[in-house]
Structures are given as C-alpha cells and as structure tokens.
Amino acid sequence: MLDKKISAGLAALKVMEGWGVHTIYGIPSGTLSGLMDAMGHPENNIKFLQVKHEEVAAMAAVMQWKFGGKLGVAVGSGGPGATHLINGLYDAAMDNTPVLAILGSKPVRELNMDSFQELNQNPMYESIAVYNRRVATAEQLPHLVDDAIRTAIAKRGVAVLEVPADFGFSEIDADSIYSSPLYSSGLKYKEYKSAPVDATDIDEAVALLNQA
C-alpha cells in the first residue's frame with residue numbers, strides 16, 4: 001500500500017466523506033477544476049449540487065447543518081465566487097453554525113501575478129472565520145481539510161480553505177491521508193465511509209479522560 005497513489009482532490013473528498021459530508025454546493029469553475037475533476041471519480045461518493053449563485057451555495061450548506069445536523073460544504077471560484085459566498089458565511093458566523101467553504105484560486109505558478117479576477121481572498125473572511133488558510137502544497141490538502149472541519153465543528157463556526165486549482169490533480173501517497181473519524185474507526189483507504197460511533201470507543205475515551 002505504500003506505493004498506492006490518490007489524487008489530492010479525491011483524498012480531500014474522502015476526508016470530507018469520513019466526517020459525514022454528503023453534498024457540496026456551488027458552481028463549477030476553472031479555479032476549482034482539481035476538485036471538480038475528483039468529483040467525477042468512481043470512488044467519490046459525495047454529490048455536487050449546482051446552484052444559480054454562490055450565495056445560495058453558502059446558505060444551503062449552512063441550512064444543512066441547522067436542519068439536518070450534517071456538515072455542509074460550499075465552494076466558490078477564485079475572485080467573484082469567493083466574494084459571493086460572504087452573505088451565507090456571515091449567517092453561519094452570526095448563528096455559530098459549522099460550515100466549510102472552499103475557495104478556488106489560480107494555479108500556484110500564476111499566484112500574485114495580477115491574473116484575471118485574482119483577489120487576496122483570505123483577509124475578506126478574517127473577521128468571521130474560526131479557521132482561514134491557503135493550502136501551500138498538494139500534500140497538505142487532505143490534512144487541512146480534516147483540520148478545517150474539526151475546527152469548524154469544535155468552535156461552531158466558518159472554516160475557509162483557499163485551494164490553488166492545480167493541487168487537486170496532484171498525485172499523493174494514499175496512506176498519508178489522515179482523517180480523525182476514519183482513523184479512530186480503524187478504516188483505511190478504499191474503506192472510507194461514514195462510520196457510526198461505536199459505544200466501546202466512547203467507553204474507552206471516557207476511561208482515558210478519567211485517568212488524565
């Protein structure tokens with residue numbers, strides 16, 4: 001399994017799936033191409049719901065948690081899409097609702113070159129996000145998705161990840177993926193699924209806390 005490879009985009013989706021994500025809301029775009037390509041992979045089980053406007057995507061993701069208890073994910077293209085998410089994400093921040101927003105951006109080689117529609121996006125969310133980062137390497141992508149979701153749920157707020165478009169296509173080691181709920185359940189690559197909480201795991205956790 002050490003030589004098993006997986007695209008960083010599919011790895012990110014598998015991490016989301018492990019946290020119970022079943023739907024991503026948004027509009028496809030070139031700056032989200034790595035993630036959108038992974039959505040079409042046969043091993044992906046998360047559905048994509050295309051909306052008319054990214055504000056609707058953010059609102060839908062927030063409402064999903066409010067009414068269904070499952071974390072919602074909204075995506076916005078680099079530039080306009082990222083700005084359109086703001087109203088829905090402000091709603092999440094005001095109501096202390098966990099949500100993950102993924103912002104597209106130009107490929108790494110084009111960053112900071114004043115490319116078409118390029119914006120310095122992360123500062124726009126600084127006042128409302130409990131987690132707000134740009135992914136620096138393809139290998140970081142699944143790890144930061146895991147970290148972002150954990151933080152959004154723990155702090156009941158908005159987690160924002162900016163992802164350069166080319167990262168989703170990059171091949172990374174499948175065994176390097178880490179996702180808290182997946183590994184606590186002993187699951188490995190190709191076994192990713194939303195696992196129910198085992199009562200034995202809870203008892204073991206209580207015992208550890210009592211001994212701490």
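Is Arg150 buried, partly exposed or exposed? With a relative accessibility of 32%, Arg150 counts as partly exposed. Keep that residue in mind, since it comes back further down. One thing to know before the tour starts: this is a predicted model.

## The nonpolar core

Let's begin on the inside. The largest nonpolar core has 37 residues. Among its members, Leu13, Met16, Ile24, Leu100, Ile102, Val145 and Leu161 touch the most other members. H1 gives the largest share, at 7 residues.

## Helix H1, tucked away

So what does H1 look like in terms of cover? Of its 11 residues, 11 are buried, so the helix is largely enclosed by the rest of the structure. If you want to find them in the model, the buried residues of H1 are Ala8, Gly9, Leu10, Ala11, Ala12, Leu13, Lys14, Val15, Met16, Glu17 and Gly18. Two of the names there, Leu13 and Met16, also turn up among the core residues that touch the most other members.

The list of buried residues in H1 also includes Lys14 and Glu17, and these two form a salt bridge with each other, their closest N and O atoms lying 3.3 Å apart. They are 3 residues apart in H1, so about one helical turn separates them. Lys14 counts as buried because its relative accessibility is 6%, under the 20% cut-off. For Glu17 the value is 7%, and Glu17 is buried too. Just after the helix, Gly20 takes a positive phi of about 95°.

Which residues are linked in a network of them? That would be Arg133, Asp146, Asp147 and Arg150.

Take Asp147 as your way in. The side chain of Asp147 meets that of Arg133 in a salt bridge, at 3.7 Å from N to O. Asp147 sits in helix H6 while Arg133 sits in strand E6 (residues 129-134), so this pair ties together parts that are 14 residues apart in sequence. Asp147 also forms a salt bridge with Arg150, and here the closest N and O atoms are 2.9 Å apart. These two are 3 residues apart in H6, which puts about one helical turn between them.

How covered are these residues? Asp147 is partly exposed, with a relative accessible area of 22%. Arg133 is partly exposed as well, at 40%, and Arg150, our opening residue, counts as partly exposed at 32%.

## A contact across the sequence

Helix H6 has another residue to look up, Ala152. With a relative accessible area of 0%, Ala152 is buried. What is the C-alpha to C-alpha distance between Ala152 and Pro98? It comes to 4.9 Å, although the two residues are 54 apart in sequence.

## Backbone turns to look for

Two loop residues have a positive phi without being glycines. One of them is Asn96, with a phi of about 50°. You'll find Asn96 in the loop between helix H5 (86-94) and E5, where it counts as partly exposed at 43% relative accessibility.

Arg156 is another residue of this kind: its phi is positive, near 50°, and it is not a glycine. Arg156 belongs to the loop between H6 and E7. It is partly exposed, with a relative accessible area of 42%.

## A negative patch on the surface

Finally, head to the outside. Asp198, Asp201, Asp203 and Glu204 form a negative surface patch. One of these residues, Asp203, is located in helix H8 (residues 199-211). Is Asp203 buried or exposed? At 53% relative accessibility, Asp203 counts as exposed, because exposed means over 50%.

Technical notes
Residues numbered from 1 in each chain as written. Predicted model: local features only at pLDDT ≥ 70, side-chain atom pairs only at ≥ 80, totals over all residues. Heavy atoms only, no water. Patch = residues over 30% accessible without salt bridge, like charges linked within 9 Å, V, L, I, M, F, W, Y side chains within 5 Å. Areas by Shrake-Rupley, 256 points an atom, 1.4 Å probe, with all protein chains shown as cover. Salt bridge = Lys/Arg side-chain N within 4 Å of Asp/Glu carboxyl O. Lys, Arg positive; Asp, Glu negative; His and termini not counted. Charge placed at Lys NZ, Arg CZ, Asp CG, Glu CD. Helix = DSSP H or I, 4+ residues; strand = E, 2+ residues; numbered from the N terminus. Buried < 20%, exposed > 50% of the residue type's maximum accessible area, 1.4 Å probe, protein only. Core = buried A, V, L, I, M, F, W, Y, C linked by side-chain atoms within 4.5 Å.
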